[in-house]
Amino acid sequence: MYVSDCISINESGHLTIGGADTVELAKEYGTPAYVFDENEIRKNLRAFKNSMDEYYGGNGLAVYASKAFCCKEMCRICMQEGTGIDVVSGGELYTALSVDFPAEKIVFHGNNKTYDELVMAVSNNVGRIVVDNVYELETLSKIAAQQGKTAGIMFRIKPGIDAHTHDFIKTGQIDSKFGFALETGEAMEVIKKAVNMPNIKLRGLHCHIGSQIFDIDPFELAATVMLDLFKSVKDETGIELEELNLGGGFGIKYLESDCPRPYAEYMKNVSKVVKEYSEKLGLKMPFVIIEPGRSVVGAAGITLYTVGAVKEIPDIRTFVSVDGGMGDNPRYALYHADYEVVCANKANEERNTVVTVAGKCCESGDLIQEDTKLQAVEAGDILAVLSTGAYNYSMASNYNRIPRLPVIMVKDGKSRVVVKRETYEKITENDI
Ligand SMILES: *Cc1c(COP(=O)(O)O)cnc(C)c1O
């Protein structure tokens with residue numbers, strides 16, 4: 001039942017996260033609410049950072065992909081742990097800068113950054129802007145010239161690798177809105193263009209082959225495909241690119257049956273490929289960047305709800321409705337994402353009923369999980385949905401004008417609010 005080290009059951013039979021009783025948390029902060037274990041987040045960040053040190057001799061940087069879960073406190077935690085941060089919008093960039101995150105360690109992604117976002121990135125000296133298309137390169141070059149600066153960039157490349165993941169989150173193939181294609185020569189062409197631009201410094205190349213990937217092979221393959229391109233660039237331009245960004249996408253445990261490979265194993269195997277293959281091609285070892293998002297925060301977070309109506313439809317199904325739904329977790333509606341659901345106040349009882357957990361939004365598709373195992377529950381029980389730390393808070397909406405949830409951070413059994421619950425006043429604040 002436990003998908004993460006930070007989840008347990010205490011002597012009252014209540015589910016705990018980071019040593020805090022979730023039933024008590026529900027009482028104190030109300031539901032629905034997101035709860036994270038800070039130690040688990042820090043442990044994951046450290047594991048990635050340490051493995052960069054161990055396997056790349058410090059010649060690399062672990063960068064947290066903040067789109068998985070972005071708020072000021074998360075940026076502070078990354079800063080304290082010494083990782084970089086990857087942002088994909090002005091809003092995420094603003095959040096990182098608002099806690100004085102070192103700009104040199106910020107990586108700015110996105111397939112259609114706006115003019116204003118690019119100005120913001122250059123003004124604030126963002127270390128690496130990952131350029132996605134020629135239009136962006138030209139715009140950026142002009143902005144950098146206007147500001148009398150040199151913009152550090154990488155190019156996003158489509159290495160054309162099928163990472164065997166869900167179609168909606170597969171981004172490495174040619175039919176993708178992200179990046180430059182290899183096989184058409186598009187990538188080489190834009191690289192040659194950039195190296196002649198006076199206000200652009202091409203630091204290296206980037207790829208991101210997908211998300212929730214359990215295998216190591218696609219990452220190894222991506223590394224070799226990218227290094228082949230490094231070699232071609234050297235042969236054709238005489239320039240040896242310095243940085244290789246291999247993106248994120250490491251899988252996590254959503255269900256008990258999920259078995260992601262340990263991250264240290266990815267790091268070890270991929271670093272071996274990078275080292276050996278660089279040497280084989282006569283290239284110097286590049287500075288390597290990785291961008292884990294989900295794997296840092298996913299299993300460190302849960303969502304707490306209170307059960308309301310329980311609707312039993314004989315011979316069909318039982319709907320257990322909760323006080324949240326697709327507004328705080330749109331992932332089931334989007335791509336039928338899997339989750340384990342546990343009754344927090346009956347955590348030591350067996351999950352011997354099969355129910356559908358529904359939200360409170362006016363949408364039949366507003367489900368958290370269909371046909372999932374759960375303890376026998378009734379109105380007033382507290383439900384915990386596990387592994388909701390990634391792409392839940394960050395994908396939340398105000399559909400039905402339901403206020404967004406607070407984020408509670410737990411550390412060594414103690415809890416604090418790091419994002420306040422939204423109020424009705426806040427929701428209507430911009431209405432004229
Ligand atoms: C989404 C994304 C990541 C993080 O992916 P995870 O699956 O959360 O690890 C990293 N890099 C880029 C460019 C991304 O788009």
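How near do the axes of helix α6 and helix α7 come, and at what angle do they cross? I'll start there, and please keep in mind that this is a predicted model.

Helix α6 covers residues 134–146, and helix α7 covers residues 186–194. Their axes come within 11 Å and cross at roughly 5°. Angles under 35 degrees count as roughly parallel, so α6 is roughly parallel to α7. On the α6 side, the residues that meet α7 are Val134, Leu137 and Glu138. Their partners in α7 are Val190, Lys193 and Ala194. Sorted by class, this contact has 4 nonpolar residues, 2 charged ones and no polar ones.

Next, the ligand. Which residues come nearest to it? There are 15 residues around the ligand, and the nearest are Lys67, Ser211, Glu291, Arg294 and Tyr391. For three of these I have distances to an oxygen atom of the ligand. Ser211 has a polar side-chain atom 2.3 Å from a ligand oxygen. With Lys67, a polar side-chain atom is again involved, and the distance is 2.8 Å. Arg294 takes part through its backbone: a polar atom there lies 2.7 Å from an oxygen atom of the ligand. As for area, the ligand taken alone exposes 390 Å², and the protein buries 94% of that.

Last, two points about the backbone. Most residues other than glycine have a negative phi, and most peptide bonds are trans. Where does this chain depart from that? The peptide bond that joins Thr31 and Pro32 is cis, with omega about -5°. Pro32 sits in the loop between α1, residues 22–29, and β4, residues 33–37. Then there is Asp315, which is not glycine but has a positive phi, near 65°. Asp315 is in a loop as well, between β14 (301–313) and β15 (317–322).

Conventions
Residues numbered from 1 in each chain as written. Predicted model: local features only at pLDDT ≥ 70, side-chain atom pairs only at ≥ 80, totals over all residues. Heavy atoms only, no water. Axes fitted to C-alpha atoms, helices over the stretch in contact; angles between N-to-C directions. Helix = DSSP H or I, 4+ residues; strand = E, 2+ residues; numbered from the N terminus. Parallel < 35°, antiparallel > 145°, perpendicular 65-115°, else oblique. Contact = heavy atoms within 4.5 Å. Nonpolar A, V, L, I, M, F, W, Y, C, P; charged D, E, K, R; others polar. Near = heavy atom within 4 Å. Polar contact = N/O pair within 3.5 Å; in protein donor to acceptor, adjacent residues only side chain to side chain. Areas by Shrake-Rupley, 256 points an atom, 1.4 Å probe, with all protein chains shown as cover.
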